[in-house]
Every structure is written in C-alpha cells, then in structure tokens.
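Dear colleague,

Please find below the structure that I am handing over to you, followed by an account of what was found in it. I would be grateful if you could read the two side by side.

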2 protein chains.
Amino acid sequence: MTARRVLVTGATGFIGRTALAPLGALGFEVHAVARAPRPDAAGGVRWHRADLLAGEGPGVIRDIAPTHLLHFAWYAEHGKFWNSPHNLDWLKATLDLLRAFADAGGTRFVGAGTCAEYDWSRSRYDEASTPLLPANLYGAAKASAWLTGSAFAREAGLSFAWGRIFHLFGPGEPVTRIVPALCRAHLEGGRLDCTEGTQLRDFLPVAAVGEAFARLCADDGQGAFNIGSGRGVTLRALSARIAELAGREGDVRFGALYDAGPERLVPEIERLRATGWRPPESLDAALRESLAAARG
Amino acid sequence: MTARRVLVTGATGFIGRTALAPLGALGFEVHAVARAPRPDAAGGVRWHRADLLAGEGPGVIRDIAPTHLLHFAWYAEHGKFWNSPHNLDWLKATLDLLRAFADAGGTRFVGAGTCAEYDWSRSRYDEASTPLLPANLYGAAKASAWLTGSAFAREAGLSFAWGRIFHLFGPGEPVTRIVPALCRAHLEGGRLDCTEGTQLRDFLPVAAVGEAFARLCADDGQGAFNIGSGRGVTLRALSARIAELAGREGDVRFGALYDAGPERLVPEIERLRATGWRPPESLDAALRESLAAARG
C-alpha cells in the first residue's frame, strides 16, 4: 500500500479540526492548512500557513503533494454566510485548489457540501434522486462546486466525494446558534423566542461529522454523500431533552418566531453507512458537552 | 426613459454577433467586447478590446458603465468544449464580470446557458420544474454560473435572466456540425454516417437565437428562459428537408453511429414567448443559407 497523505483545508474551523485525529487514526499522514495555524489542535499534524483566497492554495498543494485533499475551507460567519458575496470567492478558490490538486498528481478529493443544495420543498433527501435547487447563495455556490468540481474530476481521472452536511452542533459554535442558545436558556431560566419547533431536523454532534469526513477520505466511493444521523428530531423534543439533562427549564417560547423553514430536513444516509461510519446512538453525551460549555 | 447601454461579450462569436443588430433596433446603445474586435460585424456598434480570461473584464465594465450586460463569451471549440477544463476558467470569469457589473451600477444581466444543464433523462424541459443534472463539464459549469450568478444577483439587487440554448445552426458554424455536414453530403452526393436519427431536436437558426437574447435584454423577466422554437424535428426529417431543398440526395446512413443522446430535447418556450419573441415559421430560409454556404 502506498503512503496516504491528506491535506485538510479549513483545519482550524468548527468542523475541520474534528477530522484531524480520525484521519490520523485511519493511517493518514495528516497535513493541515490555515491562515492562522493552531498546532495545538491535534497531535501528529503537520501545519502549513496559507491564505487560500490570496491564491496561495495551489502552491501549498505543489509543495505537499498530497494524495488526498479534504476541503472544508469556506466563508462561514454565523448569520452572514448564507448570502455573502464571499461565497463567490470560495467557489473560485475551491475550483483552483481542485485543479492544482489534479495537476500535482492527487488521487482523491473530498469536499464539504450542504443540505442547502437540495430543493427544500421535498421531504426526502436522497443523493441520487432529490433535485438540487438551492434557496440561497451559500447553497448555490456549494452546489456549483459540486457540479463543476465533480464533472472536472471525472475528466481529470480524480476520485471525487462530496459530503452534504445537515444540522450539527458542538464545541466552539457561536452561542447564538440553536443548541447553545437552548442550553443557556434552560440553565439560566432565561427566555428564548423560537419558531414553531415542530419541524424535523437531523442534529449531529460535530465530532461525528469530522469522523464521517475522515471515513469518506479513506473510502473510495464517489459522488455525493449526505452527512447526518438519518434520524429526525423536532426542535421541541431537542429542547425538552436539553432541559431534562440540565435539570432546569427555561422560558422557551415556541411559535414566537416565523420562518421555521422546511417541515422535514432529514437525510437518507445509506451511502454514508456504506463507508463503515455509524451515527452516535444518542445525542446525550454531546448535549452534555454543550451544557458544560454553556455553564462556562 | 434613461438611456440603455448594453455591453455584449463574445460579440464576435457564432451567436454573439447575431445579437448586435437586434439590440440596436431595440434602442440600445451597443458596446461589444472581444479579444479581437471585428468592427465590420455590425454597424453602430462601439468595439472594445479585452481578454476576459486575463482579468480585463471588470476594467472594461468600469470604463463603459453599461446598464445591461449580455454575456456570451465562453470556451466553445467544437468537439472540445463539452469536457474542457477551460469551462472552469469561464465560470470564474463570468462570476467576476457579474460582480464588477453589480459594483459598477449595472441593472440587468443576461447570460447564455445551455440545454445541457438539464437532466436529459426527462422528456419535458420546463424552466420551473425540470431538475438540473448536467451530464458533462460544460453543462455543469453553465449550471453553476446560473445557480451562483442568479443567487448573487438577487442579493445585489440585479435583474438576472439566463437563456438556455438548445440546438442551433447557421452561418459560420464548423463544417463538421450536423447541418453543414448534411448540406455537404446531399449537395455532393457524399456519404455521411449518422446516429439512428429518430431523436427529436429543436433546431433554431442562429439569427433567431440572437434575436431572442436581444429581446431578453429589453425585457424585465427574471430567471431561466429556454431558447428554442418549441418544435421538435427528427434528424431524419431534417435531412430529408435539406435533400429536398438541395434537389439532390446524399448517402446519409442513419443507424451507422451509436450515442444519439436523449430521445427528445425540445423545450417549453412560454417564458420566451412572453418577451414578444416568436420563432421563425419555417426553417427553410435558414437551411437555404446553410446550403449556399456549403456550396462555397
């Protein structure tokens, strides 16, 4: 077996940092690139400094000559990323990286997509049959990276996989996101205005998402892979479970906000399961971590 | 009414050059950009020299400050464009142009898409309901320009229309394309190996395509617009008509080649009709031109 050397972009990010240790455990020589490397983030990782938006990605790829490229880097500022023009910059940078990777003799590219690529008027999300119809610029740019990237890879003889991330939560996420906000409301008995809360979502602990991408790297399956547990939970049930684990209940007001989004956003995950990855049996352990973080 | 100034990219190309006179007739001040301008191509057009792939597009847009941008420029070398990595370059250049156009105060962008964006396993091609599932890199990059471009435009407050071109023929096309090849075979009594020839296609004279895009510019409808006559013809029927018009019959062998593609590639064109554009009543006049060109 030849040595497998993976380069991870966005390696200091919310998801990227959780993929490093699983990649090492799967036998990869792990390289990580970031504008501001954090060499303490995981042991055994070789860090490289580069600004992918400044066109420094292709040079790093030539220097490292990775066999695998796991590409997480994208604009992700909470509340702003959905419709920012930075999505255009990241689409371009992603295509540049992919092309440099092909030119440098890379063999497998794994990229991070999103459930926002899909037509949200469907209630079933299946990689092979659910049409893409992004409702925002982020979803559109990610769908574009998938469409153009995968077609380019086919021509270039590159193996190409694309993990479409659904909902997730975990350490380091902004406190205004739903799980940290629910944790704080319940712990502090505070008020939190929510949407109706009956919509079904698939919440996955971020560490499981990092695991899934590491598995995708080690696998040789091509195409799109939904990243989720395959199990839906309503926001109301999630909130109730957090209150149980917290031992206190906050003033969470369901129905106070509009725009809950689609009724059901839960992926089919047969393709991901085929890599050997399994979702956690329960969210409790991860929710306890979120509660601990909210306690500060 | 404020002055309407349109900048046409790819203005020396097969389609682009046919849009210039119709734009003038619709009252536009017409500017054209090309790497190698051909000021003789149409009267009353102001020509500008720029290489869009060298990043010169945004500067031209700032200089001209067009209210409308009609973007045809793309890699189109016959037989190569379907799967060339140049499609990535043109996707990037298109997004750069669009962004510069928004920054320069432009109001309406009209771009050239393709029927290859659609899922060809469908037999009906409707802008609102037919899923996109490009089968090649050209279709993928065009679909990406549509998805990301239209989502960006929505955020930037730009009006955005996208014309999906189906089949077309006309002056200046490579002689190896189907209509010139059929003309030559019939005129010269030569042999031409064809696919089964029973598949339905919508062939539109290129001048009608240029007209349609000019109408789209003058219109204010947004989103995707199929560009076609809405009428299907089999390759066998097209060949027979060319033979009739030529007054001679060549040795056209249907079924000699595989890979005829989808059975039916004929668009719904209600959206395009709403702009006031109408397809030609008959292909005969345009086929006579193709026969004349084949006579040399």
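The residue of chain A that comes closest to the rotation axis is A:Ser144, whose C-alpha lies 2.2 Å from that axis. A rotation of 180 degrees, with 0.0 Å of shift along the axis, superposes chain A on chain B with an RMSD of 0.0 Å; the copies are superposed by least squares on the C-alpha atoms of residues with pLDDT of at least 70 in both. That is the relation of a two-fold axis. The same surface serves both copies, as 100% of the contact residues of chain A recur in chain B.

The model is a predicted one, in which local features need pLDDT of at least 70 and side-chain atom pairs count only at pLDDT 80 or more, while totals for chains, interfaces and linings use all residues. Residues are numbered from 1 along each chain as its sequence is written, chains are lettered from A and ligands numbered from 1 in the order in which they are written, and side-chain values use heavy atoms, with hydrogens and water left out.

Interface of chain A and chain B

In this interface, 24 residues of chain A are in contact with 24 residues of chain B, where contact means heavy atoms within 4.5 Å. About 2,200 Å² is buried between the two chains, and carbon and sulfur atoms give 65% of that area. Buried area here is the accessible area (1.4 Å probe) that two parts lose on being put together, summed over both.

The rule finds 4 salt bridges across the interface, a salt bridge being a side-chain nitrogen of Lys or Arg within 4 Å of a carboxyl oxygen of Asp or Glu. A:Arg99 forms a salt bridge with B:Asp89, with 2.8 Å between the closest N and O atoms. There are 13 residue pairs in polar contact between chain A and chain B, both residues being at pLDDT 80 or more. A polar contact is a pair of N or O atoms within 3.5 Å; within protein, one must be able to donate a hydrogen and the other to accept it, and residues adjacent in sequence count only if both atoms are side-chain atoms.

On the side of chain A that touches chain B, helix H3 (86-103) and helix H4 (137-156) each supply at least two residues. Helices (H or I, at least four residues) and strands (E, at least two) are DSSP runs, numbered from the N terminus. H4(A) gives the largest share of that side, 11 residues. The residues of that side divide into 14 nonpolar, 4 polar and 6 charged; Ala, Val, Leu, Ile, Met, Phe, Trp, Tyr, Cys and Pro count as nonpolar, Asp, Glu, Lys and Arg as charged, and the others, Gly among them, as polar.

Salt bridges within the chains

Over all chains, the structure holds 30 salt bridges. In chain B, B:Glu117 and B:Arg164 form one of them, their closest N and O atoms being 2.8 Å apart. This pair links distant parts of the chain, 47 residues apart: B:Glu117 is in the loop between strand E5 (108-114) and helix H4 (137-156), and B:Arg164 is in strand E6 (residues 159-165). Both B:Glu117 and B:Arg164 are buried, where buried means under 20% relative accessible area, exposed over 50%, and partly exposed in between (1.4 Å probe, protein chains only).

The side chains of A:Arg124 and A:Asp126 also meet in a salt bridge, at 3.6 Å from N to O. A:Arg124 is partly exposed at 44% relative accessibility, whereas A:Asp126 is buried at 16%.

Individual residues

A:Phe14 is located in the loop between strand E1 (5-9) and helix H1 (16-25) of chain A. Its C-alpha is 6.7 Å from that of A:Glu173, although the two are 159 residues apart in sequence. Residues up to four places away in sequence not counted, A:Phe14 touches several others, including A:Leu168, A:Arg177 and A:Val206.

A:Ser290 belongs to helix H9 (residues 284-295) of chain A and is buried, with 9% relative accessibility. Neighbours within four places in sequence aside, A:Ser290 is in contact with A:Phe169, A:Gly170, A:Val179 and A:Cys183.

Most residues other than glycine have a negative phi. A:Ala65, however, has a positive phi, near 50 degrees. This residue lies in the loop between H2 and strand E4 (68-71) of chain A and is partly exposed, at 36% relative accessible area.

Yours sincerely
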